[in-house]
Amino acid sequence: MNKEKSRSVTHWTTQETTKMALVTSLYVVVTVALAVVSFGAVQIRLSEMFNYLALYNKRYIWAITLGVAIANFSSPNGLLDVVVGSVCTFLVLVVNHQVTKRIQNMKYKMVITAIVFLLSMFTVAGQLTFLYGLPFFYNWLIIGLGELLSMTVGGIIIYFIGQKVDLTK
């Protein structure tokens with residue numbers, strides 16, 4: 001059995017942990033730097049592009065989840081957004097990993113990922129309905145379209161980076 005397959009999730013190398021910390025930090029920085037469009041009823045969270053990294057290596061599921069949790073401390077929705085946002089992100093990334101793991105074509109995997117995340121925006125719409133009484137389906141549509149825009153732009157960026165850099169390592 002090779003070393004990579006025998007290692008459990010709790011035994012990451014220093015290099016792997018550093019890469020994860022970098023992704024977590026990038027998610028936080030991009031979200032907070034663009035906070036004016038990262039939170040609220042209209043969201044275009046460009047940092048969502050990092051969700052695609054989990055297609056290359058599943059360790060990024062943890063890095064992105066932590067990035068969402070930390071970034072959401074800046075959310076006007078407070079601790080609710082930290083908990084709901086990070087738990088939902090983790091679950092959606094795990095489900096997406098299962099759905100796409102047998103697909104070989106990265107472009108197809110990315111399209112499926114964008115659709116999965118678009119649909120998952122019901123969680124954000126639910127929070128806004130719960131906290132502010134905003135209309136659920138309208139918010140789901142608007143936030144979903146913002147997510148689709150973020151994932152499309154981010155997907156193009158990550159795809160071309162993945163052509164030049166081995167993101168699986």
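Tutor: Let's start with Ser38, which lies in helix α3 (residues 35–38). Keep in mind that this is a predicted model.

Student: Why is Ser38 called buried?

Tutor: Buried means under 20% relative accessible area. Ser38 has 1% relative accessibility, so Ser38 counts as buried.

Student: Now for α7. How do you know that its span is close to the expected one?

Tutor: Helix α7 covers residues 106–120 and reaches 21 Å from its first C-alpha to its last. At 1.5 Å a residue, 21 Å is expected.

Student: Which residues of α7 are buried, and why do we say they line one face?

Tutor: They are Met106, Lys109, Met110, Thr113, Ala114, Phe117 and Ser120. Seen down the axis of α7, the buried residues fall within an arc of 135°, so they line one face. An α-helix has 3.6 residues a turn, so residues three or four places apart point the same way. The face turned away from the buried side of α7 carries the exposed residues Lys107 and Tyr108.

Student: What covers the buried residues of α7?

Tutor: The cover includes α4, α6, α8 and α9.

Student: What makes Asn105 a cap of α7?

Tutor: At the N-terminal end, a side-chain oxygen of Asn105 lies 2.8 Å from the backbone nitrogen of Lys107.

Definitions and conventions
Residues numbered from 1 in each chain as written. Predicted model: local features only at pLDDT ≥ 70, side-chain atom pairs only at ≥ 80, totals over all residues. Heavy atoms only, no water. Helix = DSSP H or I, 4+ residues; strand = E, 2+ residues; numbered from the N terminus. Expected span 1.5 Å × (residues − 1). Buried < 20%, exposed > 50% of the residue type's maximum accessible area, 1.4 Å probe, protein only. Arc of directions from axis to C-beta. Contact = heavy atoms within 4.5 Å. Polar contact = N/O pair within 3.5 Å; in protein donor to acceptor, adjacent residues only side chain to side chain.
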